Amino acid sequence: MNMQTEMATSGVEAPPPCRQMEDTGLSPVMMRDILLKTMFRMNLEHVSKLERVLCLPTRVTQELIDNARDQGLVEATGTLHATSGNEMGYRLSDNGKARALDALSQSEYYGAMPVPLDKYYEQVERQSIKNIRITRDQLTKAMGHLILPSELLDHLGPAVGSGRSILMYGPPGNGKSSISNGIRDALGDKIYVPRAILYSGQVITVYDPIVHSAAEEQVDDPNSLRRTSNKFDRRYVRCQRPTVVTGGELTLDMLDLVYNPTARTYTAPLQLKSTGGVFIVDDLGRQADSPQSLINRWIVPLEESKDILALQSGEKFEVPFDTLVIFSTNFHPNEIFDKAALRRIFFKIKIDGPDQENFLKIFALVAKKKGMALDETSLVHLLKRKYPTIDNVYANYQPVFLIDQMIAICDFEDIPYRMTPELVDRAWANMFVRDETIVR
């Protein structure tokens, strides 16, 4: 699927651009100190470069420079040359360097101006995952690479459109992870992710190139009369709705703020990075922490659309929780949750294996994709001889497994790709482990 196609329609409103310093919501002292730290650490001298790094308009950046000059912290170099594009240069004065070092001793953060938490709340409302409207056609297109029964889409559609939590359960190998990824693709539109947010004087970095991998940044041509990047607050990055995928490695401490004692700054936890998008907990029940413990951690966020985080000082504060949480497990929910926990998960959807008809559709689709011609005798052998030995229980992973096995055998035997009963038997032998006692 083309990820550039904006399938879901939610009418996301951009954060308004900062026309003046007051629009940032930051104190003049904090803005001044971040300017000085940035000039000191990055050795930047020109407004055109500083505005890109600080993510501010030219007018606001120039106002910051002028205020710092008035305070004797910045001085003009007094030189114009061709390499600077006839732009006035600036440098830190001795007092400016001293102030920059003092500010760095309190926090190493420099670069993009942070967004105050209350301002971020406003943007989260503008682009809430709960505003998404998904139609059957949109979800079907996103799941186009999967063969799914229509009744499954009957359950998935309302679940995704609600923006509420989803638990998918059922036997392994039936596409729960693929369905989760399809849901992610169905969201399709773009939102605005802050590079960093500010609470109580503490900077928390949010934008993560790994999580927000489809990010777009616009850089203006300095010679152009039309400035496109000033259409929204440049402290945000416009990108696809984020997706965080975790599995057996997920631990409870990954859901807490990460403090860097050297830089004296914080990094947002996984669920905060996924705001406005999807948080997938795959293989639930394989983590070191029990599923019950994980769900208990999510009770407040799932019910109240807010999460509670704590600073190093112990001070607790609320952040928005606007995330479609998808839990996926091979265990039956009654085995890993109590009734109270299950009640807090809004949608419970069982993902079963395909029936024989859909199994054959998947098998034919995979064979065509991998260049393996279908053979009727081999298929009859597979369905009449092999599957009865496992009570005719089909799984979505099996066509890919069997065909890949036959391809591997053909490569080894140096013969053209083909399907025969003998090759089916050899492939089948590798799909299961025989029950036997091992003598040690």
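Q: Hi! Let's jump in at β3 and strand β6 (residues 196-199): in what sense do they pair, and over how many bridges?
A: Happy to! In this predicted model, β3 and β6 pair in the parallel sense, with 2 bridges between them.

Q: And which residue in β6 does V115 stand opposite?
A: V115 stands opposite I197 in β6.

Q: OK, moving along to β6 and β7. Parallel or antiparallel?
A: Antiparallel, and the pairing runs over 4 bridges. As an example, A196 stands opposite T205 in β7.

Q: What do β6 and β7 form, and how many residues sit between them?
A: They form a hairpin with 2 residues between the strands. Have a look at S200 in the turn: its phi is positive, about 50 degrees.

Q: Nice. How does β7 pair with β11, parallel or antiparallel?
A: Those two run parallel: strand β7 (residues 202-205) is joined to strand β11 (residues 265-267) by 2 bridges. I204 has Y266 in β11 as its bridge partner.

Q: So what's the order of strands in the sheet?
A: The order is β3-β6-β7-β11-β10, an open sheet of 5 strands with mixed pairing. At the edges are β3 (115-116) and β10 (258-260), each of which pairs on one side only.

Q: Switching to helices now. What's the angle between α15 and α16?
A: Helix α15 (residues 398-413) packs against helix α16 (residues 421-429) at about 115 degrees, and their axes are 9 Å apart. The two helices are therefore roughly perpendicular to each other. As for handedness, α15 passes α16 in a right-handed crossing.

Q: Which residues in α15 and α16 meet?
A: On the α15 side you have F401, L402, Q405, M406, I409, C410 and E413, and they meet L423, V424, R426, A427 and W428 in α16. By type, the residues of this contact divide into 9 nonpolar, 1 polar and 2 charged.

Q: And α14 against α16, what's the angle there?
A: About 45 degrees for helix α14 (residues 376-386) with α16, with the axes 8 Å apart. That makes α14 oblique to α16. Here, too, the crossing of α14 past α16 is right-handed.

Q: Who makes that contact of α14 and α16?
A: From α14 come T377, S378, H381, L382 and K386, and from α16 come P421, V424, D425 and W428. The residues of this α14 contact with α16 divide into 4 nonpolar, 3 polar and 2 charged. If you're clicking through the structure, V424 and W428 are worth a look, as both are listed in the contact with α15 and in the contact with α14.

Q: How many residues apart are S27 and G111 in sequence, and how far in space?
A: They are 84 residues apart in sequence and 16 Å apart in space, C-alpha to C-alpha.

Q: Let's zoom out. How many helices and strands does the chain have?
A: There are 16 helices and 16 strands in the chain.

Q: And what box do the C-alpha atoms fill?
A: Along the principal axes, the box is roughly 90 × 55 × 55 Å.

Q: Last one: what share of the residues is buried?
A: Of the 440 residues in the chain, 47% are buried. On contacts, among those with a separation of 6 or more, 74% are between residues 24 or more positions apart.

Key:
Residues are numbered from 1 along each chain as its sequence is written. This is a predicted model: local features need pLDDT of at least 70, side-chain atom pairs count only at pLDDT 80 or more; totals for chains, interfaces and linings use all residues. Side-chain values use heavy atoms; hydrogens and water are left out. Axes are lines fitted to C-alpha atoms, for helices over the stretch in contact, and angles run from 0 to 180 degrees between N-to-C directions. Angles under 35 degrees count as roughly parallel, over 145 as roughly antiparallel, 65 to 115 as roughly perpendicular and the rest as oblique. A crossing is left-handed if the near helix is turned anticlockwise from the far one by less than a right angle, and right-handed if clockwise. Contact means heavy atoms within 4.5 Å. Ala, Val, Leu, Ile, Met, Phe, Trp, Tyr, Cys and Pro count as nonpolar, Asp, Glu, Lys and Arg as charged, and the others, Gly among them, as polar. Two strands pair if DSSP finds at least two bridges between them. Buried means under 20% relative accessible area, exposed over 50%, partly exposed in between (1.4 Å probe, protein chains only).
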